[in-house]
Amino acid sequence: MAQPIALTKKIQRAAEPEECLSGYSTEEILREIISRMGEDPSRQGLLATPGRVEKSMAYLTKGYSENASEILRGALFDEDYDEMVIVKDIEIFSLCEHHMLPFFGKVHVAYVPKGKVIGLSKIPRLVEVFARRLQIQERLTRQIADAIQDAIHPLGVGVVVEARHLCMMMRGIEKQHSSTVTSAMLGCFRQKETRLEFLSLVRQQGAGGQ
Ligand SMILES: [Zn+2]
């Protein structure tokens, strides 16, 4: 059975907390957290919970072991097409890095190619690489745009993320139905005309719209 773990400064005096905890498995640490909540980690319903939480956290943060440029490599094609390419309504589920609670919503990505295009199915994969990490919505938005910029050096990239944050909804800080919108506009998307075209296409009810 796990020993009590020194999670607080009061108990841990000498070494850094990370050093002190490094001898314990993630499951042991989670069991300790459960007991500090005032729960009994040995009751039947909670017995397998630390293991499940560990697996679930590994899945929700798998983006750390993935590399955006590797994913895009092999999916870049020479093409003369120079109109706007839009992939919209990409679902995201991410974790806010301040509370480790989910935020979720939709991402809309657009770019205007300059000699190269990205295989369409790779754009949701790219979004996933950055979403499956501890994030803030602003950085997530920017990282998606920068990754596309770096991969194909297009004339411009636009990314809009609309998301709802459980850290606000569950903690009663904002109205439950409010959503946060962030955008990153690079290159020609800084021009009003291009930006407005992108935003109006995003708002249009497409084949997949509701
Ligand atoms: Zn938060």
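Predicted model: local features only at pLDDT ≥ 70, side-chain atom pairs only at ≥ 80, totals over all residues.
Visitor: How far apart are the end C-alpha atoms of α6?
Guide: Helices (H or I, at least four residues) and strands (E, at least two) are DSSP runs, numbered from the N terminus. At 1.5 Å a residue (times one less than the number of residues), the 16 residues of α6 should span 22 Å. That agrees with the separation of its end C-alpha atoms, 23 Å.

Visitor: What pLDDT do local features need here?
Guide: Residues are numbered from 1 along each chain as its sequence is written.

Visitor: Which residues of α6 are buried?
Guide: Count the other C-beta atoms (placed from the backbone) within 10 Å of a residue's own: 20 or more is buried, 12 or fewer exposed, in between partly exposed. In α6 the buried ones are Q137, L140, T141, Q143, I144, A145, A147, I148 and A151.

Visitor: Which residues have the most contacts inside the largest nonpolar core?
Guide: A nonpolar core is a set of buried Ala, Val, Leu, Ile, Met, Phe, Trp, Tyr and Cys residues joined through C-beta atoms within 7 Å. The largest one has 30 residues, and α4 (68-72), β3 (102-112), α5 (122-131), α6 (137-152) and β6 (156-165) each give it two or more. Those with the most contacts inside it are V107, L126, V127, I144, I148 and V159.

Visitor: What does I148 touch, leaving out residues up to four places away in sequence?
Guide: I148 is one of the buried residues of α6. With contact meaning backbone-placed C-beta atoms within 7 Å, I148 touches Y111, I118, P154 and V157.

Visitor: Which strands stand at the edges of the sheet?
Guide: Strands pair if DSSP finds at least two bridges between them. The open sheet has 5 strands with mixed pairing, in the order β5-β2-β3-β6-β7; 9 bridges join β2 (85-96) to β3, and these two run antiparallel. Two strands have a single partner each, so one side of each is left without a neighbour in the sheet: β5 (134-135) and β7 (180-187).

Visitor: Is D89 buried, exposed or partly exposed?
Guide: D89 is in strand β2 and has a positive phi of about 60°, although it is not a glycine. With 16 other C-beta atoms within 10 Å, D89 is partly exposed.

Visitor: And M100, buried or exposed?
Guide: M100 is in the loop between β2 and β3, and this non-glycine residue has a positive phi of about 55°. M100 has 12 C-beta neighbours inside 10 Å, so it counts as exposed.

Terms used: Contact = placed C-beta atoms within 7 Å.
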